[in-house]
Every structure is written in C-alpha cells, then in structure tokens.
Amino acid sequence: MVKRRGSSLIRTASTSKFLPRKLSPTTIALYILFLFAFSIFIFVFNAGNVVEDQQNPIISHESIPQSPPLTQFLQIADEELWEAPSRHGLRPCVKPTSRYKAAQGSDRYLTVKSNGGLNQMRTGISDMVAVAHIMNATLVIPQLDKRSFWQDSSTFCDIFDELHFITTLQGDVRIVRELPKELVLAPHARKHFTSWSSMGYYKEMMQLWNDHQVIHVVKSDSRLANNDLPLDIQRLRCRALYHALHFSPPIESLGKKLVDRLRTRSGRYIALHLRYERDMLAFTGCTYGLTDAESEELRIMRENTKHWKVKDINSTEQRTGGFCPLTPKEVGIFLQALGYPPSTLIYVASGEIYGGNARLSELMSCFPNLVFKEKLATEEELKAIAKHASQSAALDYIVSIESDVFVPSYSGNMARAVEGHRRFLGHRKTISPDRKGLVRLFDELENGQHREASSFSYLVRQMHKNRQGAPRKRKGPSPGIKGKARFRTEESFYENPYPECICSSKAV
C-alpha cells in the first residue's frame, strides 16, 4: 500500500511538472475518442437493462403441466374486451311480407313428439310451427322428450308460457292444447319426416290428409332445410322461436333475478357455456387429460347408449380435428390470452362438470370469480327446478342471452341457439373459439414453443378477431360434399338467421 501511494505521488508530481507542455494533436484526439467510446458503452449497457426490465416475463415451460402459466399479458382496452361488434345498421325483421297467407281454420291435426335437450326441442318446435303452416294443419301443443339422457319429466307448460305461445302465433297457425276427444283413438299417420326437408317435400306430405285426420310426427329436430325456403317461412320460424316460445313466468322471473344479481356484483360478466359433462365427453369420445379409468368409464357409457351410432372413436384425432370441447384448463388459458383479467366475473352455464372441483380448479386458478346458478340463487328458489334438467338449462339460457360476452367451449345445440338469438337481438358479443386452431397453439405451448405471453396472446387474438359475433351471412355446405350429407355441414338457420330475419333499416 505504501509503495502504491508513493508511486502515485511521484506520478502526480511528474504530471504537474510537465503540465505547461502542450500535448500533441494526435494524443488529444485519441484521448477524446476513448472517452466518447467509453460513454457510449455505459449508455448502451444501462439502456439494455431498462428494456429488458420492461419485457413480458418468460413463460416457464416446466410449470405448464401444473396450471396455465400465462399469468401476464398485454393490457387490453376495456372496449376491445367488452364492446359488441358493430351491427352496421341491421335490425330484427320478422314481419310477414304482403304475399303471406294467414292461418286458416283446419280440422287436420299435427301432433309432435319433441326430442333431445332443451334447445334441440325449442328449434324443433319452431320448425313444426312452420310445417303446420305449410301443411295447413292445426298444431297440438308438442309433447316434450322425457326419455333422453336427461330423464326430465317436465311438460310443455312447465318450461314454456303456453298461453303466450298460442296467442302470439294465432295469425300464423291454429294451436290447441290437445286433440279433440273424438280423434284421440282415431287412426293416426305415424310419420318420421326426413331431415332438412324443403317446402316441396311437405307439400307432398299433404297427401296423407286424404286418409288421415291426424299425423303424428315422431321427431321434431332439424326437419326443415336451413336454406332455400320462402322468406315468409323463414320469418315464421323466427317469430316462433324468438317471439312466441318464451319460458314460463317462474323461469323468466328467476332468470331475471340471476342477471340482476350478477350486474350488482360486477356490472359486466361473461357467460361461459362449459360443455364438459360426462355425456358430452362420452358421445364425442374426447378423453384428453383424463385418467385411464375415466376414459374407460366414458367408453362403456358410449357402448351402452344405443342411439349413439359411432362407438369406436380415436380421441387424439377428435381433438386435433377440433371436434372436442375445450377443457376447463384450456378455457382459462384462452380467456387469459384474449386479455380478460383475473377479476372478471364468469357465470358458468353447465350441468355437472366431469371430474368435479378438481377439474374446475384449473380454470378457477386463473379466474377465481366463477359463479354457478347454485350459488347465485337460494335453495328455495331452485327447489322447483331440482331434477329438471331442461328447466335448469332454461335459466342458463336466459343468463347467457343477457351476458355482455358469451363464450361456448363447444358448438353444441345450446351454443348455436344462444349465438343465433344474440345475433337476432343486435349482434351481441359472442366469441366462438376456433378449437382446431387453439389445440395446435396449446400443444405448441406445451412443447415450449411460445415462451413469451405477449406473443401467444397476439396469436390467439388474431385467430379470433373475426369470430366475435359480427354480422355475416350464413355459411353454406362444406365444399366437395354432395347429396343429403351436405345439409349436415351447413350452418344452422337458428345459429345465424341472417339475412332472412335480420335486415337493414331500409329493408322492408
């Protein structure tokens, strides 16, 4: 230390001794250049640290199997998250044209056995209203399905406002509560009408009136074509579904209470149709993320359900093809990537989730404000609909229709019916997940290919920028498919009743 201090003093003395001397221009230039380069190095080093601090955190691939790792995304403006797409001046239009022929009294009767769950029955009943009009028949209040998977004993008036249904359509179709007594035991023509049939088909079916006064329709779902029907028939279907087929007053009243309670809690909410019940997974053969025991249970259920025609299903192919419902975990990642914050209030419209709370926890870890009708309503309020799946589904339907955003995890009957109704009411925001595209992104995420949350979020949002319920015409059949099979690939009329029941303000 002493030596270093001494040498330092000597250097100082030496320097002061030679200060009067002038440094050469070359030395001065090199000295200045050195100081300038050193300053730039310090600036760049510090600036690099600042930029690095501002970047989104790197996703830990090791944490992916435990829970959705995407906990921080770019902040998305409220209007982008919640505002409905522009309706471009479109409005509901269901008024008959000047060519429409009003209902006529008829002594020919159409009895109907509705089939399926709530929304399958609702759209089927609406079809039967139009069929009764085409065939100039009196429609008897339909019988509801009591023997399907749901085993619901509800009658028509338990779920629907029967009087409202009859009076609203009195200018279109004569509707009675039951057959005249003298016809109850008379021979009936039992008919299984062909799916997706044209108006011409039903004109031909009118020949049955020559020998029978009563035609009994065995199935009601999808009995009318989605397209190429007269405008007045399409509008009649809309009047039947959206204006006439209201739920019963008790269900409507409780549904309104649930919506009000959600609004009181948060002001805005998402309705999530989480289609992850046992029957759906068994029917679709989707076992991704399930245990071997659970997969086997679902296979046995599928084997034992006679009316499910397809028994041998490759679960992997189903998922990669986009034919499986999103899992609760995948829904959580999806909503996060869209930009919804953890505080978002989400009403879960569903039956019993397969796997219970263990599976729901993967969604709840991302969005703790999950609400079910069982927690939103009192036990006394729900007592009347206990063990009545269709009445319970009606509550979910009301809350879903009135939500700020509707998100279905699968494109089943309810998802399609809710989307179509929301379009009819003014193109309310409905985000339809591109399941095939999302599965590819989820698998890439699982493999560590998307390490930045912001980039993953960008890909998801770009994929869904045109899947949020904006006005568009109904999609036709898939290319290359011919014959009757093409009807199965068309977009359902009730999923998107544009342009027949939705038109511009200038249209008639």
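Phenylalanine 165 contacts Ile125, Val129, Ile141, Phe156, Ile175, Ala244 and Leu245, residues up to four places away in sequence being left out; contact denotes heavy atoms within 4.5 Å. The model is predicted, so local features were considered only at pLDDT of at least 70 and side-chain atom pairs only at pLDDT 80 or more, whereas totals for chains, interfaces and linings use all residues. Residues are numbered from 1 along each chain as its sequence is written, and side-chain values use heavy atoms, with hydrogens and water left out.

Phe165 is one of the residues with the most contacts inside the largest nonpolar core, together with Phe160, Phe193 and Phe247; this core has 78 residues. A nonpolar core is a set of buried Ala, Val, Leu, Ile, Met, Phe, Trp, Tyr and Cys residues joined through side-chain atoms within 4.5 Å. Buried means under 20% relative accessible area, exposed over 50% and partly exposed in between (1.4 Å probe, protein chains only). Helix α4 (residues 118-134) supplies the largest share of this core, nine residues. A second, separate core comprises 43 residues, including Val348, Tyr354, Leu363 and Phe456.

Helices (H or I, at least four residues) and strands (E, at least two) are DSSP runs numbered from the N terminus. The 17 residues of α4 reach 25 Å from the first C-alpha to the last, close to the 24 Å expected at 1.5 Å a residue, the expected span being 1.5 Å times one less than the number of residues. Because 17 of its 17 residues are buried, α4 is largely enclosed by the rest of the structure. Just after this helix, Asn136 adopts a positive phi of about 50 degrees.

The axes of α4 and helix α18 (residues 389-401) come within 9 Å and cross at roughly 80 degrees. The two helices are therefore roughly perpendicular. Axes are lines fitted to C-alpha atoms, for helices over the stretch in contact, and angles run from 0 to 180 degrees between N-to-C directions; angles under 35 degrees count as roughly parallel, over 145 as roughly antiparallel, 65 to 115 as roughly perpendicular and the rest as oblique. Leu118, Asn119, Met121 and Arg122 of α4 meet Ser390, Ala393, Ala394 and Tyr397 of α18.

Helices α14 (residues 328-338) and α15 (residues 356-364) have axes that come within 7 Å and cross at roughly 10 degrees, and are therefore roughly parallel to each other. In the loop between β8 (346-349) and α15 lies Ile353, which counts as buried at 6% relative accessibility. Ile353 touches Leu274, Tyr276 and Leu360, residues up to four places away in sequence not being counted.
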